[in-house]
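Hi,

Here's the structure I promised to pass on.

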Amino acid sequence: MSAVTPDDAVAGAGRPIRVLLADDQHLVRTGFRVILEVEDDIEVVGEAADGERAVGMARALRPDVVLMDVEMPGVDGLEATRRISADTDSPGGPAVLILTTFDRDDYLFAALRAGASGFLLKNGTPEALVEAIRVLARGDGLLAPELTRRVIATFARPGGPGVGASTPEVALRDLTPREREVLVLLAGGASNAEIAGALHLGEATVKSHVSRVLAKLGLRDRVQAVVFAYEHGVVRPGG
């Protein structure tokens, strides 16, 4: 059992990371609960068997992270993610981590467009799941390593799905030199702590810069910032 540390717990909250489980299979939810409840810095606050229930419970319980299955009866996980991300009653609401058994590009890209902050396959390890929750609770985005190259390749090519501002050149010009540095480091997968170290800034200052970058570019989260940076040539694969 791991001890709670400032890096693991929700920043400034002094409490465990609150997690909502959304999956239509009871045995799957039970398995996730067993994995997570042995961690001192994570608390499972509820379970939902469909997307409609997940949206309602996210509003009522205000978890930090929602583990969201894709294929569920009624409202599926992608639509539930869109509703949670767009819920104006929950500013700065929960990060959504999509968990699916299906290694399909259409699910992956639909999840990113819906506002998911992370995407993992269910064939991963319990340790990877726990770490993903901690990453999202810190405000970082996450993709399974085997998916990252596919995302970059798809969004970076001409005619890719596209995210963010409708006039990216104008939006990029609005970034200050420091904000552009932050965007480049985001595109490299750097955490707030790593950006702070690279730019010799405090983490609180980095968080402010990240928030302004996302706002100026019309992006939901750090995962979309990575996609945007590659798509619009701020950074290039291998560069």
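This is a predicted model: local features need pLDDT of at least 70, side-chain atom pairs count only at pLDDT 80 or more; totals for chains, interfaces and linings use all residues.

Residues are numbered from 1 along each chain as its sequence is written, and side-chain values use heavy atoms, with hydrogens and water left out.

Start with Asp69, which an unreviewed UniProt entry annotates as "modified residue: 4-aspartylphosphate" (such annotations may be inferred rather than shown by experiment). Asp69 sits in the loop between strand S3 (65-68) and helix H3 (77-86); helices (H or I, at least four residues) and strands (E, at least two) are DSSP runs, numbered from the N terminus. Asp69 is buried, at 7% relative accessible area (buried is under 20%, exposed over 50%, partly exposed in between, with a 1.4 Å probe and protein chains only).

Now the salt bridges (a side-chain nitrogen of Lys or Arg within 4 Å of a carboxyl oxygen of Asp or Glu): the structure holds 15. One of them pairs Arg29 with Glu47 at 2.9 Å, N to O. Arg29 is in helix H1 (residues 26-37) and Glu47 in strand S2 (residues 42-48), so this pair ties together parts 18 residues apart in sequence. Arg29 is buried at 10%, while Glu47 is partly exposed at 24%.

Glu37 and Arg33 also pair up, with their closest N and O atoms 2.6 Å apart. Both lie in helix H1, four residues apart, about one turn of the helix. Arg29, Arg33, Glu37 and Glu47 are linked in a network of salt bridges.

Cheers
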